[in-house]
Amino acid sequence: MAGLPNQTEKLSLDTFLRGLWEENPVFVMLLGMCPVLAVTNSTMNAIAMGLATTFVLVASSVLISLIRNLIPKQVRIASYIVIIATFVTVVDYAIQAISLDLYNALGAFIQLIVANCVILGRAEAYASKQRLHTTLVNSLGMGAGFTLALLSLGTVREVLGNGTLLGYAVMPADFQPWVVMILPPGGFFVLGAWLLLFAWLKQRRDQRLLQQEGAPHAG
Amino acid sequence: MQGESLGFIFLNAAVVNNFVLALFLGICPFLGVSSKKETAWNMGLATLFVMLVSSMSAYAINWVLGELDLMFLRLICYIAVIASAVQLVEMFIKKFSPSLFRSLGIFLPLITTNCAILGLALFQTAKEYDFVQSVVYALGAGAGFTLALMLMAGLREKLELADVPAVSQGAAMSLMLAGLLSLAFMGFAGLGA
């Protein structure tokens, strides 16, 4: 995990923003890819999945941070998994009660939040070492970053693959939907394209920095 | 779903609804350990074994929890059993092949959070397979996972020799490749349910 010192962190705006951009769980750390690819064939699914994951992430991080001194080191991973599985069961039943359509659309992927490595990664790398309030803010940021990533895939795939956004038509009437985008290969392609875009932006920024540094000494 | 033949279940899990390329399960190890064919093969076998164990255990868990009327504990029980099975495989590999243990690295304990395995347990419950069907389903899923991993590793070994733009190296390129592979697997869609 990106070089966090082992001592407790001071609360700052950066605690939240880091998860959103600099250490975005999906685009930068490449964690939790399965739900990102699987449920983003429509924007609505992406939002629901993002919120559900954020809830589990925040709730389990807070609980783990609260009892971090009580968990023996040897069985910590098993304890984290049981805590996460408990909250996922809660979410699973809650979504079933709120909207059965949504529940059927997301399918097994609600229960598979248990196996989302973003959550276990946060528990191990952050919540087990940090104080309650920083953990809360940091996990909120990570959840927001995860939701943002889901949204950026979901919107692109729905607009291109179906010509709609949240169910409303947004493309001209004679637009031919790219059906492949809402099928499995589309998930890989769109995520690949986003990563390509970020890599290209990073490369440009690095080059500009290099030029700024190199220019005075060039002559 | 009593009527499904075993051959159909196997083919369906391995090829038509390939866990990695059609259902998006187990993407992390798929991208993480697919850079060399040998590692991919061993990872595939380790996953296959864990899948078999957890599929059989899931069947037993369903029976016990059904009798006790405690189905809401299902998820927690599955994940606990999977974690123990992974621990078993890890100890086994560490003892018999330390070099393999090193080459799999962090991805070995991470089989626990491989959603393909938890997904398998959930799907076989949803499809109401009996014991033999569950075992065949697990074998098919494991074989499909290994197949996808091996194909990807083969492609990536070739890719190392190819001259791609520097900006697209790494994860972006792997995802594009996976997309093409997944497109190819869609050709099987007509075969299954």
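Here are some numbered notes on the predicted model above, meant to be read with the structure open.

1. **Ground rules.** This is a predicted model, so to speak of a local feature we ask for pLDDT of at least 70, and side-chain atom pairs count only at pLDDT 80 or more, while totals for chains, interfaces and linings use all residues. Residues are numbered from 1 along each chain as its sequence is written, and chains are lettered from A and ligands numbered from 1 in the order in which they are written.

2. **Chain A at a glance.** You'll find eight helices and two strands in chain A. Both kinds of element are DSSP runs numbered from the N terminus: helices are H or I with at least four residues, strands are E with at least two. Walking from the N terminus, the order is α-α-α-α-α-α-α-β-β-α. The C-alpha atoms of chain A fill a box of roughly 70 × 60 × 25 Å along the principal axes.

3. Chain A has 219 residues, and 42% of them are buried. (Buried is 20 or more other C-beta atoms within 10 Å of the residue's own, exposed is 12 or fewer, and partly exposed is in between, with C-beta atoms placed from the backbone.) As for contacts in chain A between residues at least 6 apart in sequence, 75% join residues at least 24 apart. (A contact here is two residues whose C-beta atoms, placed from the backbone, lie within 7 Å.)

4. **Where the chains meet.** How many residues does each chain give to the contact? Chain A gives 32 residues and chain B gives 29 residues. On the chain A side, the elements giving two or more residues are helix H2 (33-38), helix H4 (76-98), helix H6 (117-127) and helix H8 (184-218). H8(A) has the largest share of that side, with twelve residues. Sorted by class, the side of chain A that touches chain B has 26 nonpolar, six polar and no charged residues. (Nonpolar covers Ala, Val, Leu, Ile, Met, Phe, Trp, Tyr, Cys and Pro; charged covers Asp, Glu, Lys and Arg; the others, Gly among them, are polar.)

5. **The core.** The largest nonpolar core has 110 residues, and Ile84(A), Val114(A) and Leu118(B) touch the most other members. (Such a core is a set of buried Ala, Val, Leu, Ile, Met, Phe, Trp, Tyr and Cys residues joined through C-beta atoms within 7 Å.) H7(B) supplies the largest share of this core, eleven residues.

6. **H3 against H4 in chain A.** Helix H3 (residues 43-66) of chain A packs with H4(A) at about 145 degrees, with axes 9 Å apart. (Axes are lines fitted to C-alpha atoms, for helices over the stretch in contact, and angles run from 0 to 180 degrees between N-to-C directions.) Residues making this contact include Val56(A) and Ser60(A) from H3(A), and Ile84(A) and Phe87(A) from H4(A). By class, the contact of H3(A) with H4(A) has 13 nonpolar, one polar and no charged residues.

7. **H3 against H7 in chain A.** H3(A) and H7(A) pack at about 165 degrees with their axes 8 Å apart. That makes H3(A) roughly antiparallel to H7(A). (Under 35 degrees is roughly parallel, over 145 roughly antiparallel, 65 to 115 roughly perpendicular, and the rest oblique.) The contact of H3(A) with H7(A) divides into 16 nonpolar, 13 polar and one charged. Leu132(A) sits in helix H7 (residues 132-162), and counts as partly exposed because it has 13 C-beta neighbours inside 10 Å. Beyond its neighbours within four places in sequence, Leu132(A) is in contact with Val62(A), Ser65(A) and Leu66(A).

8. **The pair in chain B.** In chain B, the axes of helix H3 (residues 37-68) and helix H7 (residues 131-159) come within 8 Å and cross at roughly 165 degrees. H3(B) and H7(B) are therefore roughly antiparallel to each other. Their contact has 20 nonpolar, seven polar and two charged residues.

9. **Two loop residues to check.** Asp69(B), in the loop between H3 and helix H4 (74-96) of chain B, isn't a glycine, yet has a positive phi of about 60 degrees. Asp69(B) is exposed, with 7 other C-beta atoms within 10 Å. Glu128(B) has a positive phi too, near 55 degrees, and lies in the loop between helix H6 (115-126) and H7 of chain B. Is Glu128(B) buried or exposed? Glu128(B) is exposed, with 11 other C-beta atoms within 10 Å.
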